[in-house]
Amino acid sequence: EYEKIVAADPTAFKFDEVYDDIHKQKEKAKGETVGEKKSKYIDALLASSRRREFEYEKAKEKLVQQEQLEEEKQFGKATEVFVTGAY
């Protein structure tokens with residue numbers, strides 16, 4: 001009986017090969033190939049990384065500005081101010 005079935009349809013018991021072929025045909029119809037899948041999450045990860053880097057730089061600048069203000073309070077302004085009679 002096995003021989004009759006194989007004689008009628010040689011792919012009758014090749015389930016995996018037929019299944020793979022069907023999916024390859026579907027993906028070709030979509031315009032994609034199996035190896036060209038795009039990552040779902042990498043764009044979001046890169047965007048959040050850029051945002052965190054920007055926030056880090058912003059916080060660092062704020063900290064430097066606060067340190068400068070504290071130094072001005074402690075030592076006075078770093079620039080000399082001259083008031084002359086012409087003023």
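Biologist: Why is Glu 55 called partly exposed?

Modeller: Its relative accessible area is 44%. Buried means under 20%, exposed means over 50%, and partly exposed is in between, with a 1.4 Å probe and protein chains only. Glu 55 at 44% therefore counts as partly exposed. A word on the source: this is a predicted model, in which local features need pLDDT of at least 70 and side-chain atom pairs count only at pLDDT 80 or more, while totals for chains, interfaces and linings use all residues. Residues are numbered from 1 along each chain as its sequence is written, and side-chain values use heavy atoms, leaving out hydrogens and water.

Biologist: What makes Arg 51 and Glu 55 a salt bridge?

Modeller: The term asks for a side-chain nitrogen of Lys or Arg within 4 Å of a carboxyl oxygen of Asp or Glu. Here the closest N and O atoms are 3.9 Å apart, so the pair qualifies. The structure holds 1 salt bridge. Arg 51, at 47% relative accessible area, is partly exposed.

Biologist: How many residues apart are the two partners in helix H3?

Modeller: They are 4 residues apart, which is about one helical turn. Helices are DSSP runs (H or I, at least four residues), strands are E runs of at least two, and both are numbered from the N terminus. The protein has 3 helices and 0 strands.

Biologist: Why is Ser 48 called buried?

Modeller: Its relative accessibility is 14%, and that is under the 20% limit, so the word applies. Ser 48 also sits in helix H3 (residues 42-75). A polar atom of its side chain lies 2.9 Å from the backbone oxygen of Leu 45. A polar contact needs N or O atoms within 3.5 Å, one able to donate a hydrogen and the other to accept it, and residues adjacent in sequence count only if both atoms are side-chain atoms.

Biologist: What makes the nonpolar surface patch?

Modeller: Tyr 2, Ile 5, Phe 13 and Phe 15 do, over about 450 Å². Patch residues have over 30% relative accessible area and no salt bridge; nonpolar side chains (Val, Leu, Ile, Met, Phe, Trp, Tyr) are joined within 5 Å, and like charges within 9 Å. Areas come from the Shrake-Rupley method. Tyr 2, in helix H1 (residues 2-8), has 54% and is therefore exposed.

Biologist: Which residues form the negative surface patch?

Modeller: Asp 16, Glu 17, Asp 20 and Asp 21. Asp and Glu count as negative, Lys and Arg as positive, with His and the chain ends not counted. Charges are placed at NZ of Lys, CZ of Arg, CG of Asp or CD of Glu.

Technical notes
Areas by Shrake-Rupley, 256 points an atom, 1.4 Å probe, with all protein chains shown as cover.
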